[in-house]
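Welcome! Please open the structure in your viewer and keep the sequence beside it, and we will take a short tour together.

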Amino acid sequence: MGNEGLFDLTDIDDPSLGAVFKTSRNIVIVGLCVILFLLALQIFSIVDQIQTRNWEKVSGTVTNAEWDWDTGSADGDSDPPIVVTVAYTYLGENYSTSTYSFVSSNWGEDPEHWLAIESIDIYVNPDNPSEAVYLAGWTGIMEEAMEGFFFIGLILGLYLVIVVPAWIIYAKVRRDKD
């Protein structure tokens, strides 16, 4: 009985630059498709986020910043999200918001960072002043897209640093064996 089945590696071609580029291209294409799919799932949030580009910029004061232990990680291994509350005045009325953007609730920094800031700029909906965000317009969308591109780059990098050298070593060992 020969080496047949799922782990039969005898028919793998020697690595060529063309094969490496082809596989790299496929990794990028699959990654972009995943990003587009995830963006499609958030299409309504994305439209709302784009509409914030015309909102008015006002200064606000961080009144509270804390870890949100109530909605923390399910596995308990990672930090829970941070909730930052910003108080602001618009047309003489006082309001507060904790909305980072419509596509993300990740304030990113530790609570101490936000509490140390005296004044931050937020963007207020002139039609509904009780609605405000920290990131307005395309900035929030691009931040989320950059995270996706980071993971594509990470996967592609791991392929080029781990899989391709292993492929080359395997091909050399197989040639030497034959």
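**First stop: a tucked-away tryptophan**

Select W114: its relative accessibility is 4%, and buried means under 20%, so W114 counts as buried. Keep in mind as you look around that this is a predicted model. W114 sits in helix 3, which covers residues 111-115.

Which residues does W114 touch, leaving out those up to four places away in sequence? Show V62, A65, V84, W107, E109 and Y134. Now pick V84 from that group: the C-alpha atoms of V84 and W114 are separated by 7.3 Å, although the two are 30 residues apart along the chain.

Colour the five strands, which form an open sheet in the order 3-2-1-4-5 with antiparallel pairing. Strand 3 (93-97) and strand 5 (132-133) are at the edges, and each has a single partner strand, so one side of each has no neighbour in the sheet. In general, strands of a sheet pair through backbone hydrogen bonds.

Now zoom in on strand 1 (residues 56-67) and strand 2 (residues 82-90), which are antiparallel and joined by seven bridges.

**Last stop: helix 4**

Select residues 138-177. At 1.5 Å a residue, the 40 residues of helix 4 should span 58 Å, and its end C-alpha atoms are 56 Å apart, which agrees.

Definitions and conventions
Residues are numbered from 1 along each chain as its sequence is written. This is a predicted model: local features need pLDDT of at least 70, side-chain atom pairs count only at pLDDT 80 or more; totals for chains, interfaces and linings use all residues. Side-chain values use heavy atoms; hydrogens and water are left out. Helices (H or I, at least four residues) and strands (E, at least two) are DSSP runs, numbered from the N terminus. The expected span of a helix is 1.5 Å times one less than its number of residues. Two strands pair if DSSP finds at least two bridges between them. Buried means under 20% relative accessible area, exposed over 50%, partly exposed in between (1.4 Å probe, protein chains only). Contact means heavy atoms within 4.5 Å.
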